[in-house]
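Take a look at the protein below.

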Amino acid sequence: MTRRKTNNITGILRIEGIPYHDAWISYICVKCKELNLEKIGQSLLKPEDAYENCIWECSNCGYVHCKQSDLPFDNWPKAFTDSNSITTERFWKAFFRIATEHIESYWKQCNCCGRVLPFSAFSKHSNWGPLERQMECRGCKGAINAELNPKRTKQQLYESSIRRRAAELLLEGENEAIVIEELFERFDNKCFKTKKQLKISNRNTWAIDHILPSKYLYPLTVQNAALLSKDANESKRDKWPSEFYTNNELIDLAKITGANLDLLASKKPKINPNIDVDACVSRFLSVRERSNLKKRLSELKKLILSYNLVENLSPENKKLLGF
Ligand SMILES: [Zn+2]
Ligand SMILES: [Zn+2]
């Protein structure tokens, strides 16, 4: 296979022409025990169809796996290995069922390292072929992520999650209840990013995108909620909308939600200018029975400091927080 540099931001090479939507089948040759791989394309096989139609020739010994073949087992009585026998018929039915019945039995080719690997070697990606897996294996994905995010140390990831948590604490009470049925209606039952159809009852396949992230102190409101597939939402996370959505998507998003397009499209994140930090802090402090209050206070304090919001606080709240 030839490797050519393609247009991607990491500089990690992809192999051109790998049909990464295709599924493969693996099976062990009945005669020589060699592992064989059959590319079967963009839809999975039904066991009955595979039994009726598949003719798989071993790449090592040439033995043909199909319902017309006699079994090559010398230790079985001849009457049992004849293709017309009921024993052999049952054998082939089960053989094709083993190979095709479960999605976990399928394999897929990585377009980075070129290996054909089991289903489980790829992370989930909705809408990507019949296996719904990413185009690169988890090994290559790890390398790509390291290249994309070289400076995100564990410590930084930890700090960013603390910051989000502190922001969420501060925003408690600012968030609106989102009526899920209405959200689905506004977004036409589709992931706004991938346009994939979503089912409201399939709770683990969709998520609500906090369009302007809580990290920048935007509460979750009807205007600030988008419907995304779980995968799309995982890539969106805390990103500012213009870092994740295209210009056209931002225009559509503003239309659907009524959000301010200039804000959505601004290149740099902006801290919510309308947030009443003082009211948020007062509300937070009025709930005294919280567990971990001390730790949460120190998280909030750091957040307020890092956003230069200390001067927005009343003298009372300043004192209570220890500024
Ligand atoms: Zn063989
Ligand atoms: Zn790979």
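## Domains

The C-alpha centres of domain 2 and domain 3 are 25 Å apart. At their contact, eight residues of domain 2 meet five residues of domain 3. On the domain 2 side, four of these residues are nonpolar and four are charged. None is polar.

This is a predicted model. Its domain 1 covers 23-145. Domain 2 comes in two pieces, 151-174 and 275-323. Domain 3 covers 181-265.

## Overall form

The protein has 13 helices and eight strands. Its radius of gyration is 28 Å, while the globule rule gives 20 Å for 323 residues. The protein is therefore more spread out than a compact globule. Along the principal axes, its C-alpha atoms fill a box of roughly 95 × 40 × 40 Å.

Of the 323 residues, 25% count as buried. Now take the contacts with a separation of 6 or more: 59% of them join residues 24 or more positions apart.

Most residues other than glycine have a negative phi. Two residues here deserve a look.

Lys195 is not a glycine, yet its phi is positive, about 65°. Lys195 sits in the loop between α6 (180-186) and β7 (206-210). Is Lys195 buried, exposed or partly exposed? Lys195 counts as partly exposed because it has 13 C-beta neighbours inside 10 Å.

Leu217 also has a positive phi, near 70°. Its loop runs between β7 and β8 (225-229). Leu217 has 23 C-beta neighbours inside 10 Å, so Leu217 counts as buried.

Terms used: Residues numbered from 1 in each chain as written. Chains lettered and ligands numbered in written order. Predicted model: local features only at pLDDT ≥ 70, side-chain atom pairs only at ≥ 80, totals over all residues. Domains from an automatic or database assignment. Contact = placed C-beta atoms within 7 Å. Nonpolar A, V, L, I, M, F, W, Y, C, P; charged D, E, K, R; others polar. Helix = DSSP H or I, 4+ residues; strand = E, 2+ residues; numbered from the N terminus. Rg over C-alpha atoms; globule rule 2.2 N^0.38 Å. Buried ≥ 20, exposed ≤ 12 C-beta atoms within 10 Å, placed from the backbone.
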